[in-house]
Every structure is written in structure tokens, then in C-alpha cells.
Amino acid sequence: METMPRWADVILVPLINLVLAFSVAGLVVLAIGQNPLDAIYFMIKGSLGSTRGIGYTLYYATNYIFTGLAVAVAFHARLFNIGGEGQAAVSGIGAAVVMLAFDWPHWALALPFAIIGAGLFGAAWAFIPAWLQAKRGSHIVITTIMFNFIGAALLGYLLNGLLKSPHTQNAETVNFPEGAHLPTAHEVLAPLGIAFNKSAPANISFLLAIACAVLVWYLLWRTRLGYQIRAFGKSEAAAKYAGINAVRITIVTMLISGALAGMLSINVVVGEQERLIKEFVEGAGFVGIAVALMGRSHPFGIVLAALLFGMLTQGGFELLFEMPAISREMVLVIQALIILFTGALNYMVHDPVERLFLRRRKRKA
Amino acid sequence: MDIADAFLQLVLTMDMTIRLSTVLILACLAGLFSERAGIFDIGLEGKMLFAAFVSAVVAFESGNAWVGVLAGIGASVCFSLIHGLASITYRGNQLISGVAINFLASGMTIVIGHAIYSKGGQTPTLSGAARFHEITLPFAEALRDVPVLGPIWSDMLSGHKPIVYIAFLVVPLTWWILYRTRFGLRLRAVGENPASVDTAGVSVIRYRYAAVLICGVLCGIAGAYLSTSQAAGFGREMTAGRGFIALAALIFSKWRPLYALMACLLFGLLEAISNLYPNIDVFGLVQIPVQFTQALPYILTVVILAGFVGKAVPPKAGGEAYVKER
């Protein structure tokens, strides 16, 4: 079958979708009597105009890389993991247990174990929905949604009981050992003579996120397992015929996906909060869906999309100060529109663009 | 505690259950129409939220609660049409479209609310005719002193807002439409085997749009109930996951209207219990934490989905866009 060139599919169509999403968002801003160009200016200035802004942008982007990769890995096996939110929440418990288990003398010692703890708990929370999908045919979308709520309840229960700090009324743990404090962007860059804002929360988790992106790329396109995952996603029947174990692929893919979502708590719980609080995921699990769609489930695209969404989140906070009439939930509207246009309404743009290309090719021939 | 006291507690709990189940029933039946026609809808939450917001605003500005409900329905139907456009016309992923709708509602309600009232997304408190008031059923006062039946009639069944009674009437109506009309038969067929319906010369697209629109209307009423009946105005994220509980109830009832009523009442009861008795002591032995009661609907749904207690099989053609054979 004739199709349009690959660059059009990978770059042109998403770009048109993005422009459409921002145009509709601009109409919403116009409708509430504000100037959309001013809004864009303040959002870019707020997110990139200072090292503080950049620090926050990178911090949010780190979260979105993790959750975006989590959604993307599952997408490749044609599994829709909508449970990143819950997996990340539960992974916080794993990270906190590790961090509170010892009086860690140095972060370099604590970090690998925190990664294992967070990854294991995140993966565990993805395991049951995965097993139910593979063995019992329960729809993974529904079970992961349910597990988001069950995870939130579990976290709330533990933070009000077993893990609760005796020193405060709030549902939170005691602070993690000070020795295990992860270096922030300021602390990493200062010895190199680069001045970076001290209060910005970006920390070395960003490098972990980049490493995860590279690993995911390597896994998907350079290993046997990755090939099996993609083959399974392309055609379950063909994959089975080729001897790929469907149950194994479904479960392994979801374990990887859950562990990736769990890395979010390295950035937020270990890196920024340095204690476990209740609402630390803050919707990042859902933003991961938008990031994965925007980035076409490719790690490189995901890093770019995560940076864009990081800018949106940070820019949205700053926007509120500059233009008080626009609430920061405008960011949610933009995210929704991006999901809608790049995800659900993709064919609306894809088909006409393809027809255009085919017609041109025919005329040439 | 003697028996009379216990009975009164029971009546009170059931009264609250009825109030809390109403939203779930309407949203669950909304999802039922949509999913029975083969369109998965995880955007029930978003449609309800948007409807709750719009009906609160319009009820406040017009001073009439019923006008508010109509506006809420209109708002919810708009979102339904987006879902229909994405999942029926443009063959997009129905789940992703649902996620987008939930996000859109979370964002739009606050952005618009903040722009109009500058109260962080909240709408002004509704009073007088802008809000619904309790309906007293006939003889409610006269029968109050009759033992057992008196409190059940006067305290439990009487004294609810109009939409509560509407919701309970929609259940048999849904059953009748689905199982006793040609429309219902075709609607179910569209969700099970669209190709056969198409062969019979019936438009799959048109039936799916009809289902999605009905879904929008019911979600609209559910949302309007939240902001004009259960509460007196709109508050940030006021649906609080009820759209997903309704979805859970839909699976729990295996996509059947009368069972849906039962499931919604059960989940409403769980919510009432967690409101009235946060931490339950079981004979002084174990304490059931409130988080467990709150998570129970989701846990039960996973158990049902797992097929350990009867299998929940969704409509066969659910989640797939229908592409005509050429």
C-alpha cells in the first residue's frame, strides 16, 4: 500500500497537531478576554528566562520523561498502561522504605538501592493488572485505573499509620537521612564555575532520566526482548505463531513500564521532598500519556515532549503571577488538547495530509 | 444500642445511600448506553465535571435550577460529540479520547470559573430557585409515626431532590429501551457485531452517535445533580472519581441496567459508610480503616474483572472503530 514519506508521518503530522492544539488553546485564552501571545511570552520567559525557571522546567521534565517512557514501553506491546499515576505513588513507598532503613552516609550509596526499591514497588503495582490481562483477559486499562485508586488509598493508609512521622499532624514520613541528599543542579554546576539558582529543584535524577531513555531505546531496538515486545504489539497472532510467549511479554513489558513510572519518586521523593508525602505524583502519570503520544513512543521524541511539557508546567505557574486572570489550569487545557489532537484525532490530520502526498506523487508519475 | 436506635441508624444510612447513589446511577447508565454500542467511555468523569460546572454557572446567572440542568446537559453533550468525532468518525483510540476529555474538563472548569468569578474556580453559592429542594412524598408527614414503615417512607424514600427520583426512573426506562424496543436491539447489536447490523442496512455510525449522545445527556444530569442538588455550587474536582466508580459499577453489573442499579446502590452504601463511620471496629478485634472502605469498589471490580466470581465480558465490538467493508 502506498503511504506518505516517513518524515511527514513522524514530524509533519505531529507538528500540525501541535499547532492545532495551541491554536484552540489560544482561542480559549481569547475567549476569557486575554491576549494569547502575551500568555506564550510569559510562559516561555517563566520557564526558560532564568536558571530558576530552567531548574524547575528540568525538574518537571524529569518526571515526564519517566512517565512518558513508562507509557511508551507499554504502547509498543499495544498495552495501554493508564496506571502510571498509581505505580508512581506506590513506588514512593518503596523509595521511602529504602531511604528510612539506614542512616545513609552518602547519596551515591543510597541511590542504587532507592532505585531498586522504587522500581520494585512500581513494577509490583503493574504486575497484578499485567497478570490479570495475560492470564484472565481482564482489560488492562480498567484494572490499571482501579489500581490508581487502590494505590492512592494504600499510600494514604500507610502515611496515616505505619509510615507516619510522629513529629507532625500531616500525613507524611520523617525526613530522610541528610547524608543521602541528592546533588541539585546548583551543587553539580557550582564547582564547574557555572552559576545556577539554589532553590530550583532540578537534581541528578535528570541524568537518570536521560540514561533511562537511552536504555529504553537500546532495549526496544537492539535486544531480542525489545524485538519481541514490538512484534507482539504489531500483531499478537503473528508473534504467538513465531513462538513468542504472550503471557511472558505482557507481564515483562508491564513490569518494565511500572518500574519506569516508579523512577518518578527518585526525582520527587528522594531528590526534592526528601520525605514521603501524600500527593507527590500530581498527575505526572497522566501527563506521561500525552508525552508518549507527542513523542511517538520514541525515547528521543519523549525527551523533547517532556521538555515541552516541563516548560508548560513551569510556565503555567509563572503565568499566574503575570496574568492573574488566567488560572494555571490553562496548562491542563493545553495538555488535554495535545492528547486530543495528537492521540484521538490523529487521523483527522493524517488522512488529508496523506492524500495530498499521494496526489502529488501521482501527478509526478 | 437498642434495636430502635439501630433501625434509625439504618434508615439514616440508607437515606444517605440513596442520595450518594444518584450520581453513580446516572453516570453508570450513561456508560452503559455508550459501551453497549461499542464505544468505551472513560470520560464519564470529565463530562460530569464539566456539566456540574456549567449548570452551576447557568443556574446562578439565571436563578433557575432547571435551566442550569439543561445547560449542563448541553455542555456534557458537547464533550460527547468530541468523543464521538474522535472515536466514531476519525477512528481514533477511544481510551485516549476519554483521557483527553477528563483533562479538558479539569482544566476548562477552573480556567473559565476563575475568569468569571475569580474564586479559584469555585462558583458562587446557589440559593433559592437556583438550587433544587427536597420533594416531600404524599402522606410523608401523616405516616411518620407508623412503626417501621413510617420512617422508611418519610425519612428514607421521601425528602429527596427531584433528580434523585428521575435517576431511579431512568433505570427501568433504560431496561425497556435496551430490551423491548427495536432501537435497543440494534444498539446492542452495534456493540456486539456491527458488520451484521451494517449488512441489514442500518447505519452503525448513526446508532453509535445516538448512544454517545444519550450518554452525554445522562452524564449532564448527573453532573448537574452534583452542583445544584447534592452541593450548592461548583467546587474544584467535585466529581472526585465518581465517574470511575460508575465505570466500576458498570463492569460489576456486567453491562446490565438492573444490576447496574444494585451495583451503584452498593457503592453508594460504601461511600455512605465511609462518611458516617470512618473507622469501623469489628468486635474490637480488627479496625477497618476508612481508606479500605473507600477503595473497596475498585477492589471488588478488579476481583470481578479477574473472573474469580463470575466473568465480566464486555460487548464484543467495544473499543474498535467500525470500518465499512469495501
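1. In this predicted model, helix α13(A) passes helix α15(A) in a left-handed crossing. On the α13(A) side the contact is made by A:V287, A:I289, A:A290, A:L293 and A:M294. The α15(A) side supplies A:Q335, A:I338, A:I339, A:T342 and A:G343. Sorted by class, the residues of this contact are seven nonpolar, three polar and no charged.

2. As for geometry, the axes of α13(A) and α15(A) lie 9 Å apart, and the packing angle is about 40°. The two helices are therefore oblique to each other.

3. From α3(A), the residues A:Y59, A:T62, A:N63, A:F66 and A:T67 take part; they meet A:L264, A:N267, A:V268 and A:E272 of α12(A). This contact has four nonpolar, four polar and one charged residues.

4. Turning to the interface, 37 residues of chain A are in contact with 39 residues of chain B. On the chain A side, two or more residues each come from α5 (107-136), α6 (140-159), α13 (284-294), α15 (330-344) and α16 (346-364). The largest share, 10 residues, comes from α6(A). By class, the side of chain A that touches chain B has 27 nonpolar, eight polar and two charged residues.

Methods: Residues numbered from 1 in each chain as written. Chains lettered and ligands numbered in written order. Predicted model: local features only at pLDDT ≥ 70, side-chain atom pairs only at ≥ 80, totals over all residues. Contact = placed C-beta atoms within 7 Å. Helix = DSSP H or I, 4+ residues; strand = E, 2+ residues; numbered from the N terminus. Nonpolar A, V, L, I, M, F, W, Y, C, P; charged D, E, K, R; others polar. Axes fitted to C-alpha atoms, helices over the stretch in contact; angles between N-to-C directions. Parallel < 35°, antiparallel > 145°, perpendicular 65-115°, else oblique. Left-handed = near helix turned anticlockwise from the far one by under 90°.
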